[in-house]
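Dear colleague,

Please find below the structure that I am handing over to you. My notes on what was found in it follow directly after.

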Amino acid sequence: MIPERLEKPMPKPVRLHWGWLVVIELLTRGLFGPIWLIVQANWVRRVNGKSRAFVLSIVAACFVPAMILLGGIEGAVGATQEQIGMIVGFATIVYVVLYLWTIFQLRSELEAEPIGIPLGGGMTFFFSVIYFQYHLYDYDVEEKHVPEGSLGLSSSDIKPLA
């Protein structure tokens, strides 16, 4: 007789409302986004056991202080130093490519089983972390699906009138 495979329960995603995430993003001028991307990717890593997006999000978050430092150096030395300006420009391009790679990797991991959240490419590109949190906030780990409708009702909760 084969023993039943014990499956560990899926951890619940962090319950920060996406509206609060928008407020925090605005107050920190976008510096909180890469940090919250790590939190989301860490949840995917805990669910799947591995996550490429988790590693990419950490690398992308490490670029932010480096870019702030380079921008400060550029401002301190003045605009006449073209080499520093080129380094800052190159670092910005690398960060944008790395960030896009990270959010689309996280999107594919959120769409894969066992999570299975259907996500759109355009919304991922324009709203990334906020869009992911919008779906994760209402994600039901017991049912393994995102509730339908704006009230969080599923089709099984709706009773016929007659």
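**Helix H4**

At 1.5 Å a residue, the 30 residues of H4 should span 44 Å, and the C-alpha atoms at its ends are 44 Å apart, which agrees. Please keep in mind throughout that this is a predicted model.

Several residues of H4 are buried, among them Ile84, Val88, Ala91, Tyr95, Leu98 and Tyr99. Further along H4, the buried residues include Thr102, Ile103, Gln105, Leu106, Glu109 and Leu110. What covers the buried residues of H4? The cover includes H2, H3 and H5.

**The chain as a whole**

The chain has five helices and zero strands, and along the sequence its pattern reads α-α-α-α-α. Of the 162 residues in the chain, 31% are buried.

In soluble globular proteins, nonpolar side chains tend to be buried together. The largest nonpolar core of this model has 30 residues, and the members that touch the most others are Trp43, Leu106, Leu110, Ile115, Phe132 and Tyr139. Two or more residues of this core come from each of helix H2 (32–48), helix H3 (52–77), helix H4 (82–111) and helix H5 (121–137). Which helix gives the most to this core? It is H2, with seven residues.

Apart from its neighbours within four places in sequence, leucine 110 is in contact with Trp43, Val44, Ile115, Gly116, Ile117, Leu119, Phe132 and Leu136. One of these partners, phenylalanine 132, is 22 residues from leucine 110 in sequence, and their C-alpha atoms are 8.6 Å apart in space.

**Side-chain pairs**

A pair of aromatic rings is described by the distance of the centres and the angle of the planes. Across the whole structure, a search finds six aromatic pairs. Tryptophan 18 and tyrosine 134 form one that is edge-to-face, with 5.9 Å from centre to centre and 75 degrees between the planes. Because tryptophan 18 lies in helix H1 and tyrosine 134 in helix H5, this pair ties together parts that are 116 residues apart in sequence. Tryptophan 18 counts as partly exposed at 35% relative accessibility, and tyrosine 134 counts as partly exposed at 43%.

A ring also takes part in a contact with a charged side chain: arginine 45 lies over the face of phenylalanine 54, at 4.8 Å from the ring centre.

Side chains of opposite charge can pair when their charged atoms come close. How many salt bridges does the model contain? The count comes to one salt bridge. In that salt bridge, the side chains of arginine 107 and glutamate 111 meet at 3.6 Å, N to O. Both residues, arginine 107 and glutamate 111, lie in helix H4, four residues apart, which is about one turn of the helix. Glutamate 111 has a relative accessible area of 31% and is therefore partly exposed.

**Backbone details**

- The peptide bond from glutamate 113 to proline 114 is cis, and its omega is near 10 degrees. Proline 114 is found in the loop between H4 and H5.
- Arginine 29 is not a glycine, yet its phi is positive, at about 55 degrees. Arginine 29 is found in the loop between helix H1 (18–27) and H2. Is arginine 29 buried or exposed? With 79% relative accessibility, arginine 29 counts as exposed, because the limit for that class is over 50%.
- Serine 128, also a residue other than glycine, has a positive phi near 20 degrees. The place of serine 128 is in helix H5. At 7% relative accessibility, serine 128 counts as buried.

Yours sincerely

Methods:
Residues are numbered from 1 along each chain as its sequence is written. This is a predicted model: local features need pLDDT of at least 70, side-chain atom pairs count only at pLDDT 80 or more; totals for chains, interfaces and linings use all residues. Side-chain values use heavy atoms; hydrogens and water are left out. A nonpolar core is a set of buried Ala, Val, Leu, Ile, Met, Phe, Trp, Tyr and Cys residues joined through side-chain atoms within 4.5 Å. Buried means under 20% relative accessible area, exposed over 50%, partly exposed in between (1.4 Å probe, protein chains only). The expected span of a helix is 1.5 Å times one less than its number of residues. Contact means heavy atoms within 4.5 Å. Rings of Phe, Tyr and Trp (its six-membered ring) pair if their centres lie within 6.5 Å; planes under 30 degrees apart count as stacked, over 60 as edge-to-face and the rest as tilted. A charge sits over a ring if NZ of Lys or CZ of Arg is within 6 Å of the ring centre and within 35 degrees of the ring normal. A salt bridge is a side-chain nitrogen of Lys or Arg within 4 Å of a carboxyl oxygen of Asp or Glu.
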